[in-house]
Amino acid sequence: MLMMNSTLIKELADVAKDEALLQGVLMRTKETPNSSELVTYAPFTLFPSPVPKSVFIQALAVQTHFNTMVDKISQDTEFLQKALASTIEVDDFTARLFKIHQQILKEGRSQSVVLGLNRSDYMLDQREDGTSSLKQIEINTIAASFGGLSSRTPQVHKHVLKVAGRPEESQRILDNNPAAGLARGLAKAWELYGSERNIPTVRKRFDDVLETGSLDLDKRLFNTFFVICELQSWDVRLMMERSLAIKCPDISTHLAGTKKVQQVLARPGVLEKFFPDQPEVVKQMRATFAGLYSLDMEHEGDETVAMALAEPDRFVLKPQREGGGNNIYGSEITRVLGEVKESTERTAYILMDKINPTPIRNYLLREDAPLTISNCLSELGVFGAYVRQGEHMVMNECVGHLLRTKSSEHADGGVAAGVAVLDNPLLV
Ligand SMILES: Nc1ncnc2c1ncn2[C@@H]1O[C@H](COP(=O)(O)OP(=O)(O)O)[C@@H](O)[C@H]1O
Ligand SMILES: [Mg+2]
């Protein structure tokens, strides 16, 4: 079998890496992160991973509804306030975001155009009858990265499969271009901002903005119009939110992407409130929800604690953080919940059913790592882009996908955290 033929695998791995370099599947190195002289390939799987076609189509089909949902939540001040009330009492990060949100509401929003670039992430839960069901891990309202790389990885796997003598499978690798769709969103927003020139891009750290940025009388931010927020400096974040710039995400959309909001959305009747006349849409979205449980200081939260302590391996405990490496599993759940279960500190977390995908054997190609076969788990991301002007949704699209795969030894972590690698679905 191809998977176990070590000479052939070695050859294919070399071919794959060359192709990645050719296609621009690149990243800077750990040793010289600021050098433009020395780069390496971004880590990826040697082979694409099988994904059932029906599930893949299901994930794409529901994306525009999730875009709409995020956007509706971002405009519902009362909902956000209620959903996050217990969290902001104990979680400083969310509390600071919320404070900026309150401040902006008081002053009045200065920009009526909203740009949303989302990525909804899923894993395939293995059911007892052998089929798998699509379960949402989270929606990211700050995750435009990998749109570029995932637009380039299909060519790499197409080439590897051709060289491996599998032309038929090679043709089944889907083209993917989220970068173009995300850029269309940006361009639309830029047009509505009223600018006719080409879009100049400037990359700045929050600290640099703090040193050199200021708002003029029209609340223009040194003539840049778009700000993609990734790191936090609270003064800068407030200045950006006050500005006329079209923020991506703006502060309320950022809050709509928190894990606490995700948990509240899974409660009975909440989706219905946002989509009162669309039971089919509600059904489609809810079908992707895993069990999510509140840890608020009330009876329901007590039940959640008891349930988690009784069977910790069935769950994931999540704080309000992004970027991988923060979730808590198994015996750690017992330890952490044991410490916080009697205090309001527990409301900084939510509990979620653990999704169990079927492991798939593959090779993970990464700089300096040995070429060994691993049991792997994949996570499918679907990109969405939307633009709203006042009341009017001007654009709402599903713009592509991203498959990331990691060794099943790792419970947590993405590509940026050095755990997962880039992959492509092979529809089966
Ligand atoms: N319910 C779950 N079941 C199994 N694995 C999960 C679950 N939730 C998260 N994970 C794993 O943990 C990683 C990080 O969790 P996620 O909710 O996406 O937080 P982050 O904001 O850090 O990306 C995911 O990429 C996934 O690999
Ligand atoms: Mg994630």
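So, start with two helices, α3, residues 63-75, and α14, residues 279-286: they pack at an angle of about 100°, and their axes are 10 Å apart. Roughly perpendicular counts as 65 to 115 degrees, and that's why α3 gets called roughly perpendicular to α14. On the α3 side the contact is made by His65, Phe66 and Met69, and α14 brings Val281, Gln284 and Met285. Sort those by class and you get four nonpolar, two polar and no charged residues. Bear in mind that this is a predicted model.

Next, the ligand. Which residues come nearest to ligand 1? There are 19 residues around ligand 1, and the nearest are Glu138, Glu322, Lys354, Ile355 and Asp412. As for elements, the ones giving two or more residues to that shell are β5 (113-126), β6 (132-140), β10 (315-319) and β12 (349-353). The shell splits into eight charged, six nonpolar and five polar residues.

β5 turns up again in the core. The largest nonpolar core has 81 residues, and Phe44, Leu115 and Leu255 touch the most other members. β5 supplies the largest share of this core, with seven residues. Then there's another core lying apart from it, 15 residues, including Ile328, Ala348, Tyr349 and Met352. As background, nonpolar side chains tend to be buried together in soluble globular proteins.

Let me zoom in on Phe44. Leaving out residues up to four places away in sequence, Phe44 touches Ala20, Val25, Thr153, Val156, Leu365, Val421, Leu422 and Asp423. After α6 comes Gly165, with a positive phi near 75°.

Last stop, Leu84, which sits in helix α4, residues 77-90. Is Leu84 buried or exposed? It takes 20 or more other C-beta atoms within 10 Å to count as buried, and Leu84 has 22, so Leu84 is buried. Again skipping residues up to four places away in sequence, Leu84 touches Thr94, Phe98, Leu255, Thr258 and Lys260. Leu255, you'll remember, is one of the residues touching the most other members of the largest core. And how far apart are Leu84 and Thr153? They're 69 residues apart in sequence, and 38 Å apart in space, C-alpha to C-alpha.

That's my tour, so over to you.

Technical notes:
Residues are numbered from 1 along each chain as its sequence is written. Chains are lettered from A and ligands numbered from 1 in the order in which they are written. This is a predicted model: local features need pLDDT of at least 70, side-chain atom pairs count only at pLDDT 80 or more; totals for chains, interfaces and linings use all residues. A residue is near a molecule or strand if its C-beta atom, placed from the backbone, lies within 6 Å of it. Helices (H or I, at least four residues) and strands (E, at least two) are DSSP runs, numbered from the N terminus. Ala, Val, Leu, Ile, Met, Phe, Trp, Tyr, Cys and Pro count as nonpolar, Asp, Glu, Lys and Arg as charged, and the others, Gly among them, as polar. Axes are lines fitted to C-alpha atoms, for helices over the stretch in contact, and angles run from 0 to 180 degrees between N-to-C directions. Angles under 35 degrees count as roughly parallel, over 145 as roughly antiparallel, 65 to 115 as roughly perpendicular and the rest as oblique. Two residues are in contact if their C-beta atoms, placed from the backbone, lie within 7 Å. A nonpolar core is a set of buried Ala, Val, Leu, Ile, Met, Phe, Trp, Tyr and Cys residues joined through C-beta atoms within 7 Å. A residue is buried if 20 or more other C-beta atoms lie within 10 Å of its own, exposed if 12 or fewer, and partly exposed in between; C-beta atoms are placed from the backbone.
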